[in-house]
Amino acid sequence: MTSPVELLVVKSVRAIDPGAGLDGEVDLVVERGRITRLGPGAAREVASSERARVIDGSGRWLLPAFVDLHAHLREPGQEYKEDIATGLAAAAAGGYAHVCVMPNTKPVNDTRAVTEMMLRRAAEVGGPSLHPIGAITVGQKGKELTEMAELKDAGAVAVSDDGVCVMSSAVMRRALEYAKTFDLPVIQHAEDHELTAGADMHEGAVSARLGLRGWPRVAEDVIVARDVLLAEYVGARYHLAHASTRGSVHIVREAKQRGVAVTAEVTPHHLLLTDAAVIGYDTACKVNPPLREAADVEALRAALADGTLDAIATDHAPHTSLEKDCEFSLAKPGMLGLELCFGLLLELVGKNGLTLARLLDALSSAPARIAGIAPPRLREDTPAELVLVDPERVWKADALRSKSRNTPFLGKELRGKVLLTLARGSVAFDGVGS
Ligand SMILES: [Zn+2]
């Protein structure tokens with residue numbers, strides 16, 4: 001466990017915190033893990049202190065640290081893919097101070113004991129805060145509801161059966177009713193499994209050409225439509241995981257206009273890639289839900305820009321090469337996300353109406369609000385949860401901290417690099433000198 005920063009100064013940096021209405025050049029002073037001074041010339045008296053570490057902020061941006069709503073850190077049970085220590089290290093390198101972790105571990109996080117074990121492990125490791133998401137149903141089998149009161153009491157911030165969809169309308173209704181009494185959002189992996197049986201990729205012209213079984217858009221859309229109606233009927237909070245289709249964007253937008261308490265997230269890969277990436281049978285591009293078509297990517301980008309899609313979530317899903325270097329149909333779905341997210345998405349600013357402020361909100365404040373976490377803020381007298389980035393730095397995505405390597409972006413050049421991450425007032429990642 002790392003100790004809080006004693007005295008850190010960042011001089012003449014562009015600080016951007018849309019939630020605090022801040023965008024301007026400032027000095028930052030962090031003392032004993034807290035932001036104590038923030039403003040033009042704020043470091044004047046302390047910068048010369050021998051105890052201070054002083055970082056030149058010119059040409060760099062200071063941002064509230066990022067919050068991920070959706071990561072698979074694989075511990076307990078599949079530590080050969082990732083564990084809490086490597087997963088949190090990857091998160092810190094990506095600029096994250098908070099990571100919400102999905103319950104599809106082995107055993108499934110459907111009890112207080114597993115939730116507490118994850119939190120204990122994360123506290124030992126230090127770095128970004130880990131927030132367990134409990135299962136909706138026992139064993140994620142879609143039948144019997146978990147003891148959500150206990151899960152919440154142990155520290156769970158939401159419930160989800162992610163990896164599988166809650167298929168039964170009756171179970172979903174009861175889950176929404178039960179979760180509502182504890183003010184927990186219900187996060188759905190929207191996939192009608194009967195419509196996607198045996199599917200390897202998006203159903204369309206490319207799947208037909210490759211001879212791979214297709215996962216049609218409508219398998220997501222029908223579940224989202226049903227869930228929105230159930231959430232509206234029950235008056236509960238519903239959150240859509242990894243929206244991938246123009247249809248679900250349409251349904252969520254319309255539901256929000258009607259005042260339904262629905263929120264949604266989108267992954268970097270669904271914002272950047274289409275099913276054409278699968279040509280050549282690149283298993284690194286096998287994800288669930290699958291990469292869609294250009295029209296979906298356009299709709300997702302526009303929906304991120306206008307806030308219909310509230311948050312960016314990585315769906316960080318590590319797998320070993322053994323699970324990926326195989327026939328496409330046998331390969332496990334999922335790709336890494338935590339380390340490369342910012343460098344991948346910065347280039348979307350200015351496209352489809354996406355502003356920098358909205359991108360930063362979607363990476364930090366919006367997901368924090370959904371999970372009930374206090375949003376990281378650039379403000380005096382708050383805990384230091386912040387990230388220093390170089391928006392112009394071109395770097396190669398290779399030296400990853402994750403145990404796995406399953407991303408099609410491996411070795412690619414990205415513009416925009418995380419230099420320093422402070423989480424829980426401590427330095428969680430330090431790449432200033434590199
Ligand atoms: Zn999922």
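What follows is a short exchange on a helix pair and on aromatic rings.

Q: What kind of model is this?
A: It is a predicted model.

Q: Helices first. At what angle do H6 and H7 pack?
A: About 15°, with the axes 8 Å apart. H6 covers residues 218-234 and H7 covers residues 246-257.

Q: Which residues make the contact?
A: From H6, Glu-220, Asp-221, Val-224, Ala-225 and Val-228. H7 contributes Gly-247, Ser-248, Ile-251, Val-252 and Ala-255.

Q: How do those divide into nonpolar, polar and charged?
A: The contact of H6 with H7 has 6 nonpolar, 2 polar and 2 charged residues.

Q: Switching to rings. How many aromatic pairs does the structure hold?
A: There are 3 aromatic pairs. One of them is Phe-66 with Tyr-96, an edge-to-face pair.

Q: What are the numbers for Phe-66 and Tyr-96?
A: The rings are 5.6 Å apart centre to centre, with 75° between the planes.

Q: Where do the two sit in the chain?
A: Phe-66 is in strand E6 (residues 66-71) and Tyr-96 is in strand E7 (residues 96-101). They are 30 residues apart, and the pair links distant parts of the chain.

Q: Buried or exposed?
A: Phe-66 and Tyr-96 are both buried.

Q: Which residues form the aromatic cluster?
A: Phe-342 forms one cluster with Phe-66 and Tyr-96.

Methods. Residues numbered from 1 in each chain as written. Predicted model: local features only at pLDDT ≥ 70, side-chain atom pairs only at ≥ 80, totals over all residues. Heavy atoms only, no water. Axes fitted to C-alpha atoms, helices over the stretch in contact; angles between N-to-C directions. Helix = DSSP H or I, 4+ residues; strand = E, 2+ residues; numbered from the N terminus. Contact = heavy atoms within 4.5 Å. Nonpolar A, V, L, I, M, F, W, Y, C, P; charged D, E, K, R; others polar. Phe/Tyr/Trp six-rings, centres within 6.5 Å; stacked < 30°, edge-to-face > 60°. Buried < 20%, exposed > 50% of the residue type's maximum accessible area, 1.4 Å probe, protein only.
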